[in-house]
Amino acid sequence: MTQQQQTAGGDVRLAGISKTYGSFTAVQPLDLTVPQGSFFALLGASGCGKTTTLRMIAGLEEATTGTVFLGEKDITDLPPYKRPVNTVFQSYALFPHLDITENIAFGLRRRGIKSVKKQVDAMLELVQLGDFARRKPHQLSGGQQQRVAVARALINHPQVLLLDEPLGALDLKLRRQMQLELKRIQTEVGITFVHVTHDQEEAMTMADTVAVMNGGRVEQLGAPADLYENPRTTFVANFLGTSNLIEGEVVSTGSDVVVAAGGGRLTLPRERCSAPTTSGGRLLLGIRPEKISLAHADDADSIATGRNRVTGRIVDSSFIGVSTQYVVESPAGTSLQVYEQNIDRRTGLLPGTEVILHWNPAHTFGLDADQDIDAGVESVEDAA
Amino acid sequence: MPVLRWIRRNLVVIAGLLTLAYMILPNIVVMVFSFNKPKGRFNYAWQQFSLDAWKDPCGVADLCGSLSLSLQIAFWATLGATALGTMIAFALVRYRFRARGAINSLIFLPMAMPEVVMAASLLTLFLNMGAELGFWTVLIAHIMFCLSFVVTAVKARVMSMDPRLEEAARDLYAGPVQTFLRVTLPIAAPGIAAGALLAFALSFDDFIITNFNAGSTVTFPMFVWGSAQRGTPVQINVIGTAMFVLAVLMVLVGQLIASRRKSNARN
């Protein structure tokens with residue numbers, strides 16, 4: 001996956017970098033550009049190479065091949081202590097024998113800066129830990145330690161801040177809070193953030209650009225909304241949110257592609273197909289669960305013409321509060337997910353009911369049918 | 001039965017105090033008899049209170065000389081064993097190399113070997129090499145048997161250290177030397193200190209190995225052993241008491257500093 005971009009002042013640019021341990025390839029040759037000042041997320045399941053990529057930017061891991069550029073400068077052979085890059089580690093890695101002030105001042109002192117008090121105070125202010133300056137790390141809660149780790153890195157005004165699963169050790173509520181906090185800090189200081197996470201929601205909430213990684217390569221890269229709406233592989237479709245994937249045979253191509261699937265015909269705009277379409281070829285149709293509407297089989301006539309339709313039977317429904325989630329069994333695919341907003345309380349859509357699923361054809365995306373249809377599904381469960 | 005109930009409630013404290021008394025009683029006896037004025041040459045029966053020995057601790061020929069020699073040997077043995085042992089411990093925990101497993105178990109050999117056997121075989125070795133027995137042979141022997149204790153103590157500490165801390169230091173502009181001095185060493189320090197204290201104590205009171213390999217040199221334990229054949233001067237008890245008091249004082253000061261630090265950190 002190559003992304004050519006104009007290199008600006010402080011862009012991070014990885015050119016063909018890879019990492020192999022013996023016969024195991026952690027990162028396949030990779031080209032990636034992180035624009036200056038952006039909040040960039042590397043998203044993927046554990047073992048996909050995202051942390052290794054981050055560590056190669058930090059200099060903690062030596063790249064087997066390729067070059068790391070920071071702006072115009074080749075930093076591939078610089079040791080970590082000579083790179084203008086700082087890291088927030090997964091376990092925070094605060095120095096247990098130093099108090100909070102000395103932890104935060106560590107980087108400044110190592111560069112021979114004597115008067116650190118003003119800067120440390122400003123940092124404590126930024127992360128709202130002014131009262132804790134003389135405490136030891138073990139006297140702080142997980143969220144507070146995390147903020148110290150951020151302050152300790154940011155005080156050095158790095159050109160890039162690397163975050164390695166920084167919220168992984170926090171509970172859900174605190175994690176949401178820290179997501180907003182980190183986003184606020186990033187906007188405030190304007191430094192490039194590269195954030196590694198396995199949590200797709202976290203990546204989408206915080207980042208401007210998300211790179212989805214799988215098996216040591218970048219599957220797809222883009223803005224969160226773009227990735228969600230236009231996944232180009234089944235892995236991305238399943239890893240980011242949930243997708244219903246229906247396999248079918250292409251009947252005709254034009255500005256709209258018509259596909260025969262599950263005994264019916266489904267249409268989708270040609271520009272939403274990431275795979276080449278030829279008559280008689282196979283195609284995977286994708287549709288997000290919240291884009292589908294449900295109707296009783298008896299009300300088939302009331303559905304507007306021109307919408308994609310699939311018949312099925314409800315096998316399960318769960319009331320979530322804001323929405324109700326249905327599992328529908330259908331000849332088109334064994335089980336399809338449908339999320340319906342609870343705007344009006346609907347009755348009669350109980351398990352066993354025969355229904356028609358219908359949606360706007362423009363919401364359908366088309367994928368290459370040669371891929372594993374379940375790629376990325378299990379990884380989401382692992383992460384949860 | 002209120003008495004029985006009281007005993008049941010305080011059983012742990014009673015057991016603890018009894019154990020403590022069991023451990024401390026010999027030290028108390030040494031202390032008390034340092035104030036004795038024995039009749040004859042042996043200091044085994046209480047006669048009357050006297051400060052004579054305390055006023056003249058070096059009054060017995062060769063006693064303070066042997067004490068000073070023992071302290072010197074203990075100091076250098078501690079230094080040597082701690083430096084070598086710390087490096088070995090780091091190597092064993094941090095690096096993968098050939099025969100690492102074998103070295104890991106070989107390190108324990110001096111601990112497991114009967115001391116008398118080791119002493120005799122060391123003497124054989126030194127004699128075959130034509131070495132002159134004395135200060136240096138004793139020092140070499142002491143460093144050797146202290147080493148395994150230091151390695152064990154430091155290894156436990158290094159194993160519990162998060163290697164990410166050193167990565168964080170390198171990430172925060174600390175070069176290799178700075179990383180070692182500012183992060184690795186301070187965090188490993190309690191383990192290194194424990195190893196050093198152990199080495200000092202072991203070296204200072206070692207008798208068997210020293211006796212075999214000292215030649216005509218006399219260390220403090222050898223002096224005590226030798227004089228016990230002919231009569232025990234009270235000064236031996238004085239030296240013993242002084243060492244005991246010194247050790248207790250060091251522990252107390254250490255704890256005071258630690259608790260002071262803790263309350264500082266809380267404020």
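Eight residues of domain 1 of chain B are in contact with eight residues of domain 2 of chain B. Contact here means that the C-beta atoms of two residues, placed from the backbone, lie within 7 Å. On the domain 1 side, the touching residues comprise five nonpolar, two polar and one charged. Ala, Val, Leu, Ile, Met, Phe, Trp, Tyr, Cys and Pro count as nonpolar; Asp, Glu, Lys and Arg are charged; the others, Gly among them, are polar.

This is a predicted model, in which local features need pLDDT of at least 70 and side-chain atom pairs count only at pLDDT 80 or more, while totals for chains, interfaces and linings use all residues. Residues are numbered from 1 along each chain as its sequence is written, with chains lettered from A and ligands numbered from 1 in the order in which they are written.

Domain 1 of chain B is made of 1–59 and 233–267, and domain 2 covers 61–232. These bounds come from an automatic or database domain assignment. Over C-alpha atoms, the two domain centres are 28 Å apart.

Now to the other chain. Chain B puts 16 residues in contact with 21 residues of chain A. On the chain B side, α9 (163–171) and α10 (176–204) each supply at least two residues. The most come from α9(B), with six. Helices are DSSP runs (H or I, at least four residues) and strands likewise (E, at least two), numbered from the N terminus. By class, this side of chain B has nine nonpolar, two polar and five charged residues.

In chain A, an unreviewed UniProt entry lists residues 12–240 as "domain: ABC transporter". UniProt positions follow the numbering used here, feature names are shortened, and annotations may be inferred rather than shown by experiment. That span is 35% helix and 27% strand, and its end C-alpha atoms lie 25 Å apart.
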